[in-house]
Structure formats: C-alpha cells, structure tokens
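Hi,

Here is the structure I promised to hand over. Please open it alongside this email; what I found follows below.

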Amino acid sequence: MNEQTRSIVIVGVGGQGILLASEILAQAAMLEGYDVKTNEVHGMAQRGGSVMAQIRYGKKVHSPLVARNEADILGALEKIEALRYADYLKPEGLAAVSTQAVMPVTVSSGGARYPENAEELLRQAFPRLLYIDAAKIASDLGDIRTANIVLLGAISQGLDLAEQSWEKAIILCVKEKFLEINRKAFAAGRCYS
Amino acid sequence: MALRRLMSGNEALARGAFEAGVTVGAGYPGTPSTEILENLALYKPDVYCEWSPNEKVAFEVAAGASLAGARSIVTMKHVGLNVAADPLMTLSYISVEGGFVACVADDPGMHSSQNEQDTRNYARFAKIPLFEPSDSQEACDFIKMAIEVSEQFKTPVILRTTTRVSHSRSLVELSERKPSGKKIGLAKNPPRFVPIPVWGRPMRQRVEDRLIRLKALSESSPANRMEWRNRDLGIITSSISYQYAREVWPEASVLKLGMSYPFPEAMMREFAAGVSNLLVVEELDDFIEQHVRALGLACRGRDVVPGIMELSVDRLLAAKALLEGKTPQVSMPSAYGGRLPPRPPVLCPGCPHRGIFYALSKKKVLVTGDIGCYSLGAFPPLDRMDSILCMGAGISMAHGLEKAGEPSKVVGIVGDSTFFHSGITGLLDIAYNSGHSTIIVLDNRTTAMTGHQDHPGTGRTLMGERAKAISIEDIGRACGIERVSVINPYDLDGVDRVISEEIAADKPSLIVSRAPCPLRERKMVGERRKIKAEECKSCELCLNLGCPAIEGTEEGPRINETLCAGCGLCEQVCPAGAIGSIVRGEKE
C-alpha cells in the first residue's frame, strides 16, 4: 500500500459522465484496501455547467476536497475545462485531456470567445499531457457515451492500482448490458500513448 | 469483518435511519438533501416514505408519526426549515414520542441555493439538540444516536449536514436494523400534546428543564471527543471543518463536536485549559466561537477563518499563515481562468421553459420568478427574470408590485412542484384581493432541478405507486381564478398570443404551460433540426434562444446534432426559413 494520499480531479461539462468515472476510480482504490473519499456537485451546476469530481485515497484520508496544487492527476472531458482547473494539478502531475470542445452558451450566444489555440495552451500548461480523442475512440468502439471511461483508462496510467481492481470496479459500477463496451473503452484509454 | 460500503453522506443517513428502526420518512426535495429520502425509500416495505408538497407538511407528517410512537425523519435543505419553522418551534414544546430527527442540509458556498443560512442557529432557537456528522460513517452513526436521544428525552433533534458532508462519499460499516419495540398508538394526553396556554406554560418550563439534562448528556456523548496531540494549539471544530483542520494542523489537539448543541461547556473549559492557544474552526456563523467567548475563554477564530462561503484546505492554510503572523499566499487561480469563456448552467436543449422565456423577452413586462430550473431563465440571452425571493414568491410578489402601483404589467412565474409547494396561497390572495397579475405555471411534470422527483401533479409517489394526479387548472379555478388556460410551450405563436391576451385582460389569469421535461422522459421532443447553410442569412436570431445545441461560428450558426432535442423553437424563430428537420437516414 502506498503511504502517500493520492488526489485526482476529473472535470468536464454536466452530463458527460464524470460521476461514473469517479465512482469506478473510488471503487478500485477501495478494493485495494485504501481509505477513500470523493466529492461531486449535484443540482444546478449539472445543467450543462462546468462540473468537477474529486477523489482522494490513501491510508487515512480526511478532506474529501483536493487542494490547489495537490492533484496527482487532472482528467478532463473537455479541453478548456482542463485549463479552468489547471491550478489543482501539481507541477509534475499528469493531465489526461480529451480533445473534445463543448461550446459554453456564453460563446454560442456570441458574447465570449472559445480559445482557438486551446491545444497550444494545454501543452504550455501541462508538461505531462496525455491528449486523447476519447470521443472518437469511444465512437469507434461503438458508443460515444463511453468517452468518460476511455478517459478513465488514460487516468489509470498515472495510478498504481492493479489491473484486476479496475476490472472488478467496472463490474461493480456498470450495468451488465454495458459491461463489454465499457471494458473495451477502459482498455483503449489505458494503453493509449 | 463488517460489510463496508462507499456511501455519500446522504446515503449513509438513509442507511442509519433504516438501522435505527425508522418507519416513516417525509420530505421535500432540495439540494443537497434530496438523496436522503430517495435512498430511505429503497428500504420499503420496512419504511414508508413520501414527498410531501412542502417542508412544513413533511415536518408535520413525521411529527404525527412520532406522536403515534413511530421513529420518523423529515428531510429538507436549509431554506426548507424556514418553511417548517412553525411546527419546529412548537414540536419542541409538545415533545415527541417515537424518535424524531429533522435532517437539514446546509449549502455553504451557495452551490445550489439562494442563501447561505446556518441551520445550527435553529437548534438553539428551538432549544433542541443538534448533531453534525463530518463524514458518511458519522452520518450513519449520528442519526442513530439522534433517534435514541430524541426518544429518551422526548425532543425533536436536528441533524445538520452541509453540501460536502451530504455529497462526499466515504466508507461506512453497515449493521443490522434494530426495530423499535414501541407499540403504535397515540396515548391520549391533552396536557402534553395541546399547547393551549394553560397547558403550554408548563411545557415551556419542561423545555428549559430538558435543555439542562441535554447539556449533561452532551458532556458525555461519544459524539463529542477530545483528541490530544501537541498541546501548543487546540482546535474546537465540527462538521466538515474538522476534516479540513486535520489536514492543515495534523499535530494540533482537537475538540471535535458531533453533538454540538447544547454545548458541552465543561468539556470546552477542560480542553481550553489543556492547550496554550485555542482556535475555533467553523463554517458560516461563529456559532461555537460566540459560546466559547461567552464562557470567558480566549480564542482565535473568525479573525482568521472566513465566515462567508465554504471553507477548504486552501482557506485554512491562509488562516494558518495569519495565525503564525505570516502573509497568506495569495491563492493563484488558474493562469488561464480569466481568459476562458465562463460556463454557467443553462436550460437544457429541448427545455419547455425556453419558449415561455423567449416569448416574454418580446414583451414589456416585469417578471417575478421563483426557485427551480426556470431560475436559469435569468441568464442572458433570455435574461427574463427580474426577481427571485423564495418558493412561491413569484406569485405573491407579482401581486405586491401591482398593489404598489408598479407601472409595468407584472407576470409571475412558478414551476409545477413549486406551485404545489407554496403557490396556491399566493394565487388565492390574488383572487381574493382583486389582483390582476398573470401567473404562468411552467408545468414540466416533475421536480426537475433536484433530479426529477414526483409531486402531487405527477400521479406517482415516492414509493413507486400510482396516485391521484392533482390538476393545477382545477386548483386555479377553485382559488377563484376565472381565466385559466393551458398552452404548449413549443408553439411560439400560440404562447405569444395567449400571454398577450392574458396580460391585457382586466382580471387575474393563470396560464399553465405544459410539456414534460425531456431530460426525465429521456426522449426527443421531435425531429432533430439543421440549418441549411445556403439559406442562412446569419442574422443569429436563433442564438437568442440560448440553446446549448446552437453554436455561433465564424461561418454562422450551426446546430450540434448530438445535443439537439428536436424542440423546433429555432425553426420557428428563423425569419429566413433556413432551419428544418433532419430527415431520417440523411447525413449532414
């Protein structure tokens, strides 16, 4: 068992499936005997707003919230959401970012601009960047809605949790009829480089 | 080894209530409290649960069950306790029979709320005990203790969580359910249950006597404990603040208050005497600190720990720096933060509320709003809400504006669940006191914002049974409103016509805008739409709908096919006729 508490932040847009990814991660850590705490936001923010889930595991975990500059991994299902929460990641932390762009209504209604050079900004912000087209990978596998699990696979690359813990956690958290596609999605993200 | 499960604070409260032998649960949905009752209902048929029309009713339902001898809980968010404050204050007098716990969830940081009130004050106000868990295990343990204390002292108890306690997940050890041995049946005893003055005055005295006995209990409650570590700094704390404080000051001694009212005064004195420096760490009001100071104990607290918005490890690190006489590190928000377009929550694609707000945006009226998904109608580009106060106020404040002589016509907006919660009395007032307001009920057939709970209009109950679906139109007529109409919010011309007629009418009117929430129905409203680029004049009128599926690009607006719910509003607002259905099978 790793002595040090691990902190993971997963961000995106309400409705992208961040909560399921967070739940699987927490289960996997729990299966290895770690103390686990997670946090998520419900209610108004879920209506297409910017959302975040946080997971911390270790020998003994107090705060369910990740402090700034503390996260070992920042996972993002949307490009600029990764930038919005960049300050949560440790300087040497791993950023796993999906190439997806979801226009905020402030942009679509003409008020604000979506940064055109988002990728460049990501490369500047994150020295350790896994830039992954999770949506395309998921879509090629047969279900675009598993992009969250593809990303989780990418996140898993930065964690010391065993293969069989992930496997069991997915079985525990996913409905049986979606199990196969989610397994494949996870594997695709886990071996992505 | 006992079975351990990863549970949210709310799931753990439900589990604890089940294990404590609770048989009746009532509540009204409200973030962050909603999942307590939803999870308790899963233990049917051992437990009866219901969504009541509002928190006051729910409170009284649970109180009635308690008087019959049943263990009961009532759940709500912090502002819900304002609605239920009337029964709370007097239930404290008439006392309870079966264990009675009000689970109230505060929302520091106002993630999903209109204010940041601190429920702990209500415990002192009503002179009843208060429990504050700091994680899911404590949520499960404390509700069992709370039921026990309630039954032993015949007092209602408040169990207060916060957003971070309710919605954080942590490990919980499960135990067996221990049913209450009490026989159900109210033992007739008017001097105990009827607070007319002659019997109420002795009750008043009993409340004070009970508080003294509860204080003694608080001194020995396992929920309150001293953790002795380094004696240089001692921290008094409760709820989630305990967890943050442990991260920031791992070496400090801690007095952890789990039963935080009545205050364990002797324990506070003993702890203060055992440390060189005393610090109180609490979220929102200086509830504990004021009492520590009243005991004559010197402490730091609100001078370094902020009392506005939720605490965090980051904010306590700043407090630590101040305490040590250093300048706190200015927390550096993401270097990119300022340059990124904000992403506020929005009405979903296909939301039936959009048509109403769009129609209202064409009219010179004031709109008094209410609490629900439709609060999002306040954001640009719809920007069609001029006030929000509390549940039901969309109706009554419209009437008040009119009576004050407001020169603009006023339209009051309320949701279906909110209408049943607090809208009916306001409507009655308008009819009774000769108002002229136009009230629109945005009836999407569910309590949407909190995650699609049923209500008296849906024809289903929390127990999953069919029920009588109460008609909003019938209630309107019964309240004395003669002009009652039902409209389809996806038909913009119809919406515009009816709203114009009703605003012009010299009588009050009730318009029911009826279409189910597509998010709940999980199906398309109609055929997906697309913009024919060659016919689009780039006038961008469709962008005024604030639909997340319509994206403004350099080449003009386009519709995101995966997001479009097919409501067709954009087709109706397009003056060039450039928007049409995507024919099945055809690709962009």
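Predicted model: local features only at pLDDT ≥ 70, side-chain atom pairs only at ≥ 80, totals over all residues.

Helix 11 and helix 14 of chain B make a right-handed crossing. Helix 11 covers residues 239-248 of chain B, and helix 14 covers residues 313-323 of chain B. Their axes come within 9 Å and cross at roughly 55 degrees. That angle falls between the roughly parallel range, under 35 degrees, and the roughly perpendicular one, 65 to 115. The two helices of chain B are therefore oblique to each other.

Which residues make the contact? Helix 11 of chain B brings Tyr244(B), Ala245(B), Glu247(B) and Val248(B). Helix 14 of chain B answers with Val313(B), Leu316(B), Leu317(B) and Lys320(B). By class, six of the contact residues are nonpolar, two are charged and none is polar.

Now the sheet. Chain B has an open sheet of seven strands, in the order 3-2-4-5-7-6-12. Pairing is mixed. Strand 3 (48-51) and strand 12 (259-261) of chain B are the edges, each pairing on one side only.

Look next at strand 5 (residues 100-106) and strand 7 (residues 157-162) of chain B. They run parallel, joined by six bridges. Asp106(B) sits opposite Thr162(B) of strand 7 of chain B.

Last, a helix against strands. Helix 3 (residues 55-67) of chain B lies across strand 2 (24-27), strand 3, strand 4 (72-77) and strand 5 of chain B. Helix 3 runs at about 165 degrees to strand 4 of chain B.

Best wishes

Key
Residues numbered from 1 in each chain as written. Chains lettered and ligands numbered in written order. Axes fitted to C-alpha atoms, helices over the stretch in contact; angles between N-to-C directions. Helix = DSSP H or I, 4+ residues; strand = E, 2+ residues; numbered from the N terminus. Parallel < 35°, antiparallel > 145°, perpendicular 65-115°, else oblique. Left-handed = near helix turned anticlockwise from the far one by under 90°. Contact = placed C-beta atoms within 7 Å. Nonpolar A, V, L, I, M, F, W, Y, C, P; charged D, E, K, R; others polar. Pairing = 2+ DSSP bridges.
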